[in-house]
Structures are given as C-alpha cells and as structure tokens.
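This short report looks at how the parts of one protein chain meet. Please have the sequence and the 3D view open while reading.

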Amino acid sequence: MENESLNHVASVQTGFEKRKKTRPRIGIFGVGYFKYWGQFDGLLDDLLKKQAVFIKRIEALESVDIVDFGLVDDVTKAYEIVPKLQAANLDLIFCDMLTYATSSTFGVIIKSIDTPIVLVALQPDKAMDYSRASTYLQLYNDDICALPEFAGVAVRMGKKVPQMVIGTLYDDPAAEAEIEEYCRIAAVLHDLKTAKIGHIGHPIEAMLDMHSDSTMLTAHFGAHIVQCEAHEIVTQYQQATEEEIEVVQDRILAFFDTPDPVSDPISEKLRDSDLRIAAQVTVALEKFVKAKKLDGLAYYYDGPDGSDTRVVMSNLIVGNSLLQGAGFPMCGESDLKTCIAMLIMERLGIGGSFAEFHPVDFKEDFVLVGHDGPHNIAIADGQPILRSLKKYHGKPGFGAGVEFKIKQGPITMLSINSTYEGKMKFIIAEGESLAGPIPPTGNTNTRGFFKPDVRTFLKRWIKEGPTHHFALGVGHHAETIRKIAEYLKIESVIIK
C-alpha cells in the first residue's frame with residue numbers, strides 16, 4: 001500500500017498503539033470442466049498447480065486469511081459448495097478461472113451468495129507457442145474462455161456481472177495490483193461489518209446535511225454506532241495523573257512543531273497551559289477509546305462556560321489527530337457519515353482526513369481543502385504544527401489547533417450523504433495536491449487542483465448533493481471506492 005510506511009512512522013511517533021491490521025477472510029475456488037480430465041491426461045494436475053500458485057500469491061500479501069474450497073468442475077459440486085461458502089463468514093471470494101468451465105458450475109453460486117465474487121482469469125503463458133500448440137495447451141491457457149458465459153448467467157440469475165481480473169499468472173504487475181486492490185477492498189468490507197463507531201452529542205444544530213439515523217448507518221454499512229456520553233471522557237480527564245500527562249506532553253512536543261504566530265491575530269505560539277490541557281485530554285481520550293473498544297468517534301458537545309466538560313470537549317483536537325494517525329478515524333461536528341468515509345479511506349491505507357472546501361484561489365485556479373479540528377497526521381506533508389488559538393471559530397472554547405497540509409501528489413475525496421429517500425450516496429472525486437503556502441490559522445489546508453478547472457469542478461461536485469464535509473486521502477482511488485459502493489449496494493458518482 002502506498003501509504004503503509006507513512007502510517008507506520010506516524011503511529012510510532014505519536015506513541016498510541018497502532019491499530020492491528022485487518023485480516024479479511026477471502027474464499028478461493030477454482031472452476032473447470034470434468035469431461036476434460038479423462039480426455040487429457042495430466043491436465044487436471046497442471047490446473048491444480050495453477051490454482052496453488054494463485055493461492056500462494058494471495059498468501060504472500062500476509063494480510064488476509066484464506067479459505068481454499070478446491071475445484072468445482074460439475075453442477076453437483078457447485079451445489080455442494082454453496083452452504084460451505086455461506087458458512088465461512090467470507091468478506092470476498094475469488095473464482096479462479098482455471099480453464100473453460102460450463103456455467104452450471106457457477107450459476108447456483110452467484111444466485112445464492114451475496115458475498116462479492118471476483119472472477120480471476122490468469123493464464124500461465126503470455127502467448128501460446130503456435131508452432132507447438134495443441135488442444136492441451138489451449139485448454140491450459142483457456143482462463144478467459146468462460147468469462148462471457150459466467151457474466152451472462154449472472155445477469156440471468158438477477159445479479160450484477162462480477163468484477164474480473166484478466167492477465168497472466170506470472171510477471172504481470174497490473175494483475176497483481178488488481179488482486180491486491182481487491183484484498184484491500186475486502187479489508188474495508190470486513191471492518192465496516194464489525195466497526196464500533198462512538199457518537200457523542202449531536203451535529204451542530206444548524207448543519208442539517210449532517211444529521212444521521214444510526215440504524216440506517218448499520219443497515220447500509222453494518223457498523224454499530226455506540227452512543228457515548230461526554231462524562232465518560234471527562235471522568236478520565238479528572239483522573240489523569242501528573243506522570244501520565246507529562247509523558248503525553250513529551251510525545252506531543254516530539255511530534256509537532258510549535259512555531260511563532262504569523263498573520264492570524266487569533267493564533268499564538270503554543271501556550272504551556274494549552275499544551276497541558278491537550279495532553280491531559282489526550283490521556284483521557286485514549287483511555288476512553290480503549291475502554292469502549294471503539295474503531296472511531298464522531299463528536300460535538302458543549303458544556304457550561306468554565307466547566308471541565310467544555311474544556312475537554314473543545315480540546316479533543318490534538319488527541320484525536322494522534323489517534324487518527326494510529327488508525328482510528330475521529331470526526332468533529334458529530335459527522336457520523338464522514339467518520340465512516342474516513343474509516344473506508346484509512347482501511348484502504350490512503351489516509352482519510354476531515355475536510356471541507358475553503359476559499360478559492362482564482363489566480364492559480366485551485367481551492368483550499370481543509371478544516372479546523374482533528375486530522376489524519378499520517379498523511380501530513382512535513383512536520384505538523386500546533387498553534388494556540390484564542391477562539392475556535394463558530395464553536396465554543398479555545399486551545400491548541402493542528403495545522404498542516406497533506407502530502408503533495410494525487411488526492412481522492414469521498415463524501416457520503418443520505419438522499420430524500422433515506423438511502424446513502426457516495427460522491428467521489430480525484431485531484432492533485434500541489435506545493436504552495438497555506439493560511440497560518442491553526443487549521444489544515446491543502447491546495448487542491450481539480451479538472452477541468454476549479455469553477456467547473458465545484459459546480460459538478462455540489463450538483464451531486466454532498467455533505468459539506470468529506471474524507472480526503474492520498475493517491476487516486478476513485479474506482480476502488482466506487483467498487484466498495486457497488487458491493488455495499490450504495491449509489492455512487494465520480495465527478496469528472
């Protein structure tokens with residue numbers, strides 16, 4: 001994964017235990033045609049060796065658990081494998097197209113199984129040696145032959161045509177990248193089914209686009225929304241020891257830069273008092289996340305002026321940023337839908353920072369993309385900055401703010417919104433993060449360039465009805481996220 005090393009570095013430096021890597025369960029079965037075995041001596045053994053090579057390739061990724069279901073070469077075995085696939089609690093299935101197979105080996109499987117199936121056609125030879133070609137060699141390389149038949153029977157069974165990988169079994173980087181992509185998709189699907197997302201408070205009352213029905217989030221994604229209370233963090237804050245606070249203060253100072261203020265009059269050099277509060281809140285937040293066994297958190301909560309509740313709930317920024325760098329998406333303004341978008345990106349290994357659109361630069365044709373509050377410091381460009389802010393604009397409280405821009409290069413955005421009919425919708429886009437100055441406001445900002453130009457892009461994005469927040473990740477991964485939406489049976493659109 002292109003961001004794996006970044007995540008590792010961030011988790012080591014932040015000091016919080018890195019989330020254990022997801023191990024999705026992937027089923028593999030091969031298909032062939034039983035009538036060939038008596039006709040061509042040795043063909044079955046050669047095809048099983050092909051399947052073994054493919055399985056070893058998946059095992060080499062060291063990030064999945066594989067269940068091998070062997071070979072399906074007639075309709076009886078197809079019926080026999082269905083309950084086994086259903087009982088295996090799989091996140092994704094690879095159907096290894098070893099040679100031509102009749103669609104009777106696949107029809108009842110695609111009809112009965114809701115788990116995503118990917119058809120894999122990897123022929124062993126890049127091309128047949130036509131001067132020495134034989135029917136045997138043709139069947140040995142007939143991996144794509146049954147793909148149209150399998151696609152046709154899927155449609156007749158009322159299912160979508162499965163995704164497919166076409167290439168060669170050896171020395172094919174493109175095919176290997178596709179297989180690895182599907183394994184990462186399986187990790188996302190696995191974690192969405194099992195995630196526990198904490199929720200504290202409510203969206204800011206005026207933000208109607210962000211309100212969510214927790215039951216519908218479970219219905220669409222499988223994740224459980226854990227309704228938490230602010231006092232659970234406040235109690236941990238009040239019980240934090242001096243030793244714990246000092247250790248976290250050292251972690252924060254070792255990770256963040258604390259420069260002098262520049263042009264924004266509400267920002268100051270990090271105050272000792274703000275550092276201490278940020279450290280004490282971080283101690284509390286990390287204990288809270290562990291105690292509740294959360295995979296993420298969306299929050300917004302106020303309290304009486306001067307109360308511990310207000311101090312804690314308005315100073316989660318630093319702790320949340322550290323947690324995001326360790327693999328736990330944290331989302332301000334109680335935006336559960338964007339928290340799930342951030343979880344999807346994090347599990348893909350591409351970051352997933354909390355973002356919205358800021359002012360447009362019409363001179364250079366870009367838009368600033370960022371937000372106040374917590375962010376995914378694993379994808380920061382350079383050392384993140386902490387500034388003391390005299391006020392959090394639009395929100396109660398004051399304290400430390402996190403400032404950085406994300407890595408230069410390709411970027412992907414994902415907004416998840418709900419429609420009038422109550423269904424979810426993915427709005428996806430790709431752009432570029434390019435170098436240049438950003439406002440020194442104690443917030444994140446990235447210079448986002450989008451095709452064909454910033455005005456046209458913004459119109460096209462907004463016309464699809466997104467929330468004003470979205471997850472921002474590194475690399476171009478729109479098609480991967482679109483596949484995830486398809487497997488979740490969620491509408492998606494890629495802005496181009």
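## The model

This is a predicted model, in which local features need pLDDT of at least 70 and side-chain atom pairs count only at pLDDT 80 or more, while totals for chains, interfaces and linings use all residues. Residues are numbered from 1 along each chain as its sequence is written, and side-chain values use heavy atoms, with hydrogens and water left out.

## Two domains

The domain assignment gives domain 1 (16-190) and domain 2 (194-494); such bounds come from an automatic or database assignment. The C-alpha centres of domain 1 and domain 2 are 39 Å apart. Their contact (heavy atoms within 4.5 Å) involves 16 residues from domain 1 and 22 residues from domain 2.

## Where the domains meet

Between domain 1 and domain 2, about 1,900 Å² is buried, and carbon and sulfur atoms give 58% of that area. Buried area is the accessible area (1.4 Å probe) that two parts lose on being put together, summed over both.

Two salt bridges are counted between domain 1 and domain 2. A salt bridge is a side-chain nitrogen of Lys or Arg within 4 Å of a carboxyl oxygen of Asp or Glu. R19 forms a salt bridge with E346, with the closest N and O atoms 3.6 Å apart.

## An annotated span

The UniProt annotation "domain: L-fucose isomerase C-terminal", from an unreviewed entry, covers residues 397-493. UniProt positions are given in the numbering used here, feature names are shortened, and annotations may be inferred rather than shown by experiment.
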